[in-house]
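Q: Hello! I would like to learn how to read a protein structure, one feature at a time. Could we look at one together?

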Amino acid sequence: MTDVVLRVRDVRLKRGARQILGGVSFDVTRGALVALMGPSGSGKTTVLRAIAGLEPFDSGTIAIEEVTLGGGATASPPTLRQLRRKVGFVFQFHHLFEHLSALKNVWLAPVHAHGVAPAAAEARGRELLKTLGVEHREQALPRELSGGEAQRVAIARALAVDPPLLLMDEPTASLDPGRRAELGELLRRLTGEHRTILVATHDAEFARYATRVLRIQNGAVVG
């Protein structure tokens, strides 16, 4: 039986009279690297935000493993706490805490939001930074990091509680072609460790690294 990590069913969202999502449905299986492609304004970032519990939607359902979000209702605090362990999100502009080192950016949330012991969280943070090739930058502040380094730190932070699903919004927006290729290979390696990744992108060259491509147009997945 196929191991489905993410199920999106008939998700709809309007802002005023404008339809943002018009019945989005798709599944993502464990270990897949899926590119959600579409032009600016097509709704792909909104889909990611809805999956992460950051964007309420009007109707439909989103299930990440056993955690389900329903349209038209605000998720309860216990559901959101469960969701934070299921989904990691790497934002387009990273949003690292500027006054904290790379390492502390990674281990802060597990300690304060999930009750992980500081020593265990720090050890996990170092392991992730090493896996992502930036362990030598663990004491650097975000302003001291290159764009590629900051992105890898942001990925480490998103993986700090080992969520089954990683979401990334336009990850190649500020990367040159060489760094895009490095990121593509890195994400392939991560899915090889049974991680599941959904990437919103308009970068067709980068989407070649995906195991599957979904296209969103006018608020609906068309193939």
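A: Gladly! Let us begin with a term: a residue is called buried when its relative accessible area is under 20%. This is a predicted model, and 51% of the 223 residues of the protein chain count as buried.

Q: Is R152 buried or exposed?
A: R152 has 17% relative accessibility, and because buried means under 20%, R152 counts as buried. R152 belongs to helix α5, which covers residues 147–158. Leaving out residues up to four places away in sequence, R152 touches L132, V134, E182 and L186.

Q: How do I read a strand? Which side chains of strand β5 point to which face?
A: The general idea is that side chains in a regular strand alternate between the two faces of the sheet. In β5 (residues 67–70), V67 and L69 point to one face and are buried.

Q: Which way do β4 and β5 run, and how many bridges join them?
A: Strand β4 (residues 59–64) and β5 run antiparallel, joined by four bridges. Across this pair, I64 in β4 stands opposite V67 in β5. The two strands form a hairpin with two residues between them. In the turn, E65 has a positive phi of about 50°.

Q: What does the radius of gyration tell me about the protein chain?
A: A compact globule with 223 residues would have a radius of gyration near 17 Å, and the protein chain has 17 Å, so the two agree. In total, the protein chain holds seven helices and 10 strands.

Technical notes:
Residues numbered from 1 in each chain as written. Predicted model: local features only at pLDDT ≥ 70, side-chain atom pairs only at ≥ 80, totals over all residues. Heavy atoms only, no water. Buried < 20%, exposed > 50% of the residue type's maximum accessible area, 1.4 Å probe, protein only. Contact = heavy atoms within 4.5 Å. Pairing = 2+ DSSP bridges. Rg over C-alpha atoms; globule rule 2.2 N^0.38 Å.
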